Amino acid sequence: SGTAFPIKGVTRLMVALVANETVPSDTKLTIPREALGSAKPKAAETTETFFAGDLLYPLVMQANAAAAESLVRAYGDGFVDWMNASAKKLDMQSTHFAETSATSTQNVSTAIDLFRLAAYLTNEKSFILDIIRTPSKDLLGNSGTVYSVQSAVPAENAMVSVISMPV
């Protein structure tokens, strides 16, 4: 359909895509401990440090706002502009992002643009789709604490398919 609708769930995929392309995966980033649940911390600090690549898991699996904010901060000013430029690069002409936390109804897209994003992820960044289908992932924080990240959506219900058919 050519009608643009709010796209809360897709915003996290674009944040993951842009973060993956702009923030080195070995960059160390800090988020609040409580953002990742109830691990028994080995230290009394209120924050935990992870590699940027590891924060893609809570971002994509749980739409974790703290992970998104940390990745966006690592990039710096202009992250939303980069998201919009990436959408245009993927020929997602009716897609617009107003912010990164996925709460804005001004983040909009169309079905055909979402297809274009899914096709790009399938062909070029399939690991992001693999994260969607991951039911749980243990992340090791810099303190030595292991955090278990559980998917907000059961893996069997998380599906993106792109097929090619002659027309």
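The protein chain has six helices and six strands, arranged along the sequence as β-α-β-β-α-α-α-β-α-α-β-β. The model is a predicted one. Of the 167 residues in the protein chain, 41% are buried.

**Whole chain**
- The protein chain has an accessible surface of about 8,800 Å², and carbon and sulfur atoms account for 54% of that surface.
- Taking contacts between residues at least 6 apart in sequence, 64% link residues at least 24 apart.

**Strand E3 and its partner**
- Strand E3 covers residues 47–51, and strand E2 covers residues 28–32.
- E2 and E3 run antiparallel and are joined by five bridges.
- Lys28 has Phe51 as its bridge partner in E3.
- In a regular strand, side chains alternate between the two faces of the sheet.

**Glu48**
- Glu48 belongs to strand E3.
- Its relative accessible area is 3%, so Glu48 counts as buried, the cut-off being under 20%.
- The side chain of Glu48 makes a polar contact of 2.6 Å with the side chain of Ser143.
- A polar contact of 3.1 Å connects the side chains of Glu48 and Arg33.
- Beyond its neighbours within four places in sequence, Glu48 is in contact with Leu29, Thr30, Ile31, Arg33, Gly141, Asn142, Ser143, Thr145 and Tyr147.
- Glu48 and Gly141 lie 93 residues apart in sequence, yet their C-alpha atoms are 6.1 Å apart in space.

**Aromatic pairs**
- The structure contains three aromatic pairs.
- One of them is formed by Phe50 and Tyr147, in an edge-to-face arrangement with 5.5 Å centre to centre and 70° between the planes.
- This pair links distant parts of the chain, with Phe50 in strand E3 and Tyr147 in strand E6 (residues 146–150), 97 residues apart.
- Both Phe50 and Tyr147 are buried.
- Tyr75 and Trp82 also form an edge-to-face pair, at 5.8 Å centre to centre and with 65° between the planes.
- Tyr75 has a relative accessibility of 26% and therefore counts as partly exposed.
- Trp82 likewise counts as partly exposed, because its relative accessibility is 37%.
- Tyr75 and Trp82 belong to one aromatic cluster together with Phe79.

**Helix H2**
- Helix H2 spans residues 52–62 and is mostly covered, with eight of its 11 residues buried.
- The buried residues of H2 are Ala52, Leu55, Leu56, Tyr57, Pro58, Leu59, Val60 and Met61.
- Tyr57 also takes part in a charge–ring arrangement: the charged end of Lys137 sits over the ring of Tyr57, 4.9 Å from the ring centre.
- Ala63 follows H2 and has a positive phi, near 55°.

Technical notes:
Residues are numbered from 1 along each chain as its sequence is written. This is a predicted model: local features need pLDDT of at least 70, side-chain atom pairs count only at pLDDT 80 or more; totals for chains, interfaces and linings use all residues. Side-chain values use heavy atoms; hydrogens and water are left out. Buried means under 20% relative accessible area, exposed over 50%, partly exposed in between (1.4 Å probe, protein chains only). Helices (H or I, at least four residues) and strands (E, at least two) are DSSP runs, numbered from the N terminus. Two strands pair if DSSP finds at least two bridges between them. Contact means heavy atoms within 4.5 Å. A polar contact is a pair of N or O atoms within 3.5 Å; within protein, one must be able to donate a hydrogen and the other to accept it, and residues adjacent in sequence count only if both atoms are side-chain atoms. Rings of Phe, Tyr and Trp (its six-membered ring) pair if their centres lie within 6.5 Å; planes under 30 degrees apart count as stacked, over 60 as edge-to-face and the rest as tilted. A charge sits over a ring if NZ of Lys or CZ of Arg is within 6 Å of the ring centre and within 35 degrees of the ring normal. Accessible areas come from the Shrake-Rupley method with a 1.4 Å probe; for residues, only the protein chains shown count as cover.
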